[in-house]
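Here are a few notes to read alongside the model. Keep the 3D view open as you go.

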Amino acid sequence: MRLKVIYAAGGAVVAFAIVVFVINSTGTHSTNSGGPTNTTAAPLTISLKDIDPNQINNHSATIQVSFNATNPNKATAILEAIAYDILADGKRIVSGTIGTRLEGVVASSAGIYPIVGDGSVILKDSQIFEKNNSTANVWKRVVEGKANYVVTGTMSYREISGLQASSTDKNFRLVFH
């Protein structure tokens, strides 16, 4: 008999919790903020934190690039990919990609980067710069750290708002001295 009373009390608590959840989620309550709301999200911004060349031998060097991606919105955004080209003194020296574009509904989350509202994330990548006939003139300035860099590319991200996610590609051109 005691067991039936315990089950009945537990069932009543669960039923009450379900009723409270349904009432809260169906919108029977209202809030009035007194003004219009802005539903347009600001785009993510990207900047260069650093470009660091390290000579391996007389014909190759690693070029490490660090990007700072910032989310100026209140909602979380998903940075999917940054595809970029690095030009030194006007000559393309390396290209690279950080992350993975999400394709379809089911995708791995290993190559994506969530950025919480009003937050930022630093992403690094390293590529090999090979000295050849077309890059011989810029090689010395790069390995000595005296080159002027321009980084061009595309940043792909999704803005998440409620149950909606909108995908955006944003081209960029960044200068680094």
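The points below go from the overall layout to the aromatic rings.

1. First, the ground rules. This is a predicted model, where local features need pLDDT of at least 70, side-chain atom pairs count only at pLDDT 80 or more, and totals for chains, interfaces and linings use all residues. Residues are numbered from 1 along each chain as its sequence is written, and side-chain values use heavy atoms, with hydrogens and water left out.

2. The protein has two helices and eight strands (DSSP runs: H or I of at least four residues for helices, E of at least two for strands, numbered from the N terminus). Starting at the N terminus, the order is α-β-β-β-β-β-β-α-β-β.

3. Of the 177 residues, 29% count as buried (under 20% relative accessible area, with a 1.4 Å probe and protein chains only).

4. Now the rings: there are three aromatic pairs (Phe, Tyr or six-membered Trp rings with centres within 6.5 Å; planes under 30 degrees apart are stacked, over 60 edge-to-face, the rest tilted). One of them, F67 with F172, is edge-to-face, at 6.1 Å centre to centre and 70 degrees between the planes. This pair links distant parts of the chain, strand β2 (residues 60-71) and strand β8 (residues 164-176), with the two residues 105 apart. F67 is buried at 0% relative accessibility, and F172 is buried at 9%.

5. F129 and W139 make a tilted pair, with centres 5.3 Å apart and planes at 45 degrees. Here strand β6 (residues 119-130) supplies F129 and helix α2 (residues 136-143) supplies W139. F129 is buried at 1% relative accessible area, and W139 is buried at 6%.

6. Which residues do ring pairs link into a cluster? They are F67, Y84 and F172.

Terms used: Buried < 20%, exposed > 50% of the residue type's maximum accessible area, 1.4 Å probe, protein only.
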